[in-house]
Amino acid sequence: MSLADRPVVDRLSAGAVSAWLERRALSLAALGTAAVLVVVLYLPVGLVFVEALLEDGSPTLGHVTEVLTDPFYFGVLADVFADPLAIGAHLGSLAGWLAAVSIAPTLASPVPGVDLPVPWLAVDAPPVRKGLFGFTAYQAALSTVASVAIGLPAASVLANYEFRGRRTLRSLTILPFVLPGIMVAVGFYAMFGRTGTLNTLLGAVGLGPFAFVETSPLAIVILAHAFYNAPLVARLTVSAWESVDARTVETARSLGASPHRAFRDVVVPQLVPAVLTGALLTFIFTFMTFPIVLALGGLQLATVEVWIYDRIQRLAYGEAASLAILETILSLGLTYAYLRYESAQTGFSQAPSPPPRDALFPDVRTALSPRRLAILGYGCVALVLFVGPLASLVVGSFTDGSGFTLRNYAFLLERQLEGASFQTRPVPAIRNSLLFGFATLAVAVPMGVVISVLTVRAGRSGRLVDTLAMLPLAVSGVVFGIGLLQGLVFGVPLPGGWRLQVTGAVAIVAAHAVAAYPFVTRNVSPLLATLDPALVESARALGASRTRALLDVELPLVANGIVAGAAFAFAVSIGEFSSTVILASGSEHYTMPVAVERYLGRRSGPAIAMGTLLLLVTAASFVVVDRVGGRYEL
């Protein structure tokens with residue numbers, strides 16, 4: 001029966017329901033988002049934190065106090081926490097620490113009294129005991145400096161020069177976000193190890209071999225962090241650089257400013273917010289670092305996250321949960337500072353007249369100019385740091401101790417064709433990764449947009465809600481995974497004999513969406529904040545509902561941010577490992593990173609081959625996203 005043939009009452013009822021749903025759509029979406037966050041994020045994390053606040057069923061702060069007053073964890077600050085009256089005496093020690101930073105051949109480890117030789121990264125640790133938290137902040141600061149120093153030249157090239165493949169290169173800068181940490185560690189070993197690619201090339205000219213990884217583990221860890229985060233800094237800065245209005249630079253030049261003066265006074269102030277934002281995000285990410293340090297540095301360079309993992313392995317749940325609480329408090333504080341800073345900026349919207357791009361190498365004479373030679377030098381560094389580990393992975397998938405071989409890919413093909421249902425096969429892993437990635441988009445993008453809409457117009461209360469919504473960026477990945485196991489997988493008893501339990505593909509997509517939606521929010525919120533509220537008010541005055549105004553007015557104006565957030569959400573889903581390996585245990589829902597881990601536990605060759613397939617599939621996916629979605633910003 002068509003709509004015209006239905007009774008009038010039925011048509012009126014359908015219209016009333018449709019109108020009610022449209023009016024309440026934003027509220028319903030907010031309730032759905034809150035429900036997902038409570039079940040998949042706050043409940044699992046809360047279950048882990050309870051371990052630190054309960055002892056034999058009674059509330060206690062004993063575990064937290066023990067951590068705060070232990071010099072192993074907080075160094076010189078432990079005495080301050082134990083005796084707040086002693087803070088004045090320790091301020092003098094900290095002042096001396098600031099004055100005594102110097103260049104020397106050793107670096108203190110987080111374990112008191114143990115020094116680690118670092119011959120070619122000769123940065124002396126302060127002459128006070130930093131403790132585990134202090135060392136974690138110290139390596140995060142070094143990683144941030146390295147990421148900014150490596151990311152800014154790339155941003156300059158991508159923003160100011162035109163060359164073949166520029167757009168594809170820009171879209172592929174997202175690749176580090178999808179690589180499991182264990183694969184990055186394998187890639188860095190393959191590149192910088194004693195028998196790695198770099199030593200092979202140096203040996204061809206009579207140099208080496210050098211024990212880069214063994215003698216300078218901290219330097220390799222910092223470079224690995226830069227591998228992850230320098231592209232983040234570059235993308236943020238490129239977006240800001242392309243938003244500079246060329247007319248303002250021309251005005252400064254017409255008033256007599258030199259090119260360098262115009263760049264310093266006009267362009268730099270517009271780049272500083274993007275650089276500082278990238279630096280703050282990098283510090284947060286590297287403060288929470290886990291797989292890179294565990295694989296390349298081990299417990300001798302343990303960060304807080306690595307130590308939480310070690311405590312859980314030793315069944316010291318109270319101590320691990322206490323560390324997780326303190327780490328989360330610090331990370332949430334940094335996240336709040338980032339949000340405060342972000343809200344004070346104008347966003348990275350496209351300029352009315354973006355600056356023109358020059359040809360990178362227009363002729364031979366220009367190619368020999370100092371600036372172009374510097375770009376070539378940076379290109380060589382980028383090849384070693386970014387392309388080298390990835391290329392070493394690809395080469396490693398086609399070689400073994402005796403030379404070229406297809407044995408690793410033959411193993412994958414044989415496993416796919418003849419493997420039993422309980423064995424890990426490559427095609428299901430690729431299929432599951434792509435399906436979970438697109439399903440994550442369907443959940444994470446609406447969640448991120450809803451949170452952006454609810455927080456941008458809400459003032460200070462919105463900033464507090466935004467900070468709490470960014471908990472996935474601040475909470476330990478290890479703790480999140482353990483919480484998912486205790487909560488969703490094992491189930492949570494409810495009153496009336498009910499039990500809350502979520503498993504399988506639904507749990508994996510929900511966990512991926514919770515990990516991914518902050519990237520959507522962080523891309524959409526700055527753009528929404530730049531929109532004039534009068535646009536929405538005008539639409540509402542003309543009879544549009546709040547939802548209709550959002551769909552027809554606001555979202556089309558921030559489409560670039562939505563596409564950028566979607567790309568990052570897809571990347572996070574493809575590369576997510578910690579939650580997936582727990583939720584996919586004993587099921588057919590394993591993904592490419594899980595398959596890499598399972599192969600790596602048996603034979604490294606097939607694992608590297610599977611990692612190569614991960615690279616190829618994700619690289620192709622991002623190029624497609626870039627072509628379909630058009631130009632997007634971070």
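## Helices α25 and α26

Helix α25 (residues 533-541) packs against helix α26 (residues 546-557) at an angle of about 140°, and their axes lie 9 Å apart. That angle makes α25 oblique to α26, since angles count as roughly antiparallel when over 145 degrees. The crossing of α25 over α26 is right-handed. These values, like the others in this report, refer to a predicted model.

On the α25 side, the residues that meet α26 are Leu535, Val536, Ala539 and Arg540. Their partners in α26 are Arg546, Ala549, Val553, Glu554 and Leu557. Sorted by class, this contact holds 6 nonpolar residues and 3 charged ones, with no polar residues.

## The chain as a whole

The chain has 634 residues, and 49% of them count as buried. Its secondary structure consists of 30 helices and 10 strands. The accessible surface comes to about 28,800 Å², and carbon and sulfur atoms account for 67% of that area.

Among contacts in the chain with a separation of 6 or more, 74% are between residues 24 or more positions apart.

## Helices α20 and α27

From α20, the contact is made by Ser433, Leu434, Phe436, Gly437, Phe438, Thr440, Leu441, Ala444, Val445 and Val449. From α27, Ile562, Ala566, Ala569, Phe570, Ser573 and Ile574 take part. By class, the residues of the contact of α20 with α27 are 12 nonpolar and 4 polar, with no charged residues.

Leaving out residues up to four places away in sequence, Ser452 touches Thr521, Val524, Ser525 and Leu528.

## Met191 in α8

Met191 lies in helix α8, which covers residues 181-192. With a relative accessible area of 4%, Met191 is buried.

When neighbours within four places in sequence are set aside, the contacts of Met191 include Gly196, Thr197, Leu198 and Asn199. Met191 is also in contact with Val384, Gly388, Pro389 and Ser392. For Pro389, the separation from Met191 is 198 residues in sequence, while the C-alpha to C-alpha distance is 5.2 Å.

The buried residues of α15 are Val304, Glu305, Val306, Trp307, Ile308, Asp310, Arg311 and Ile312.

Just after α15, Leu315 takes a positive phi of about 65°.

Key:
Residues are numbered from 1 along each chain as its sequence is written. This is a predicted model: local features need pLDDT of at least 70, side-chain atom pairs count only at pLDDT 80 or more; totals for chains, interfaces and linings use all residues. Side-chain values use heavy atoms; hydrogens and water are left out. Helices (H or I, at least four residues) and strands (E, at least two) are DSSP runs, numbered from the N terminus. Buried means under 20% relative accessible area, exposed over 50%, partly exposed in between (1.4 Å probe, protein chains only). Contact means heavy atoms within 4.5 Å. Accessible areas come from the Shrake-Rupley method with a 1.4 Å probe; for residues, only the protein chains shown count as cover. Axes are lines fitted to C-alpha atoms, for helices over the stretch in contact, and angles run from 0 to 180 degrees between N-to-C directions. Angles under 35 degrees count as roughly parallel, over 145 as roughly antiparallel, 65 to 115 as roughly perpendicular and the rest as oblique. A crossing is left-handed if the near helix is turned anticlockwise from the far one by less than a right angle, and right-handed if clockwise. Ala, Val, Leu, Ile, Met, Phe, Trp, Tyr, Cys and Pro count as nonpolar, Asp, Glu, Lys and Arg as charged, and the others, Gly among them, as polar.
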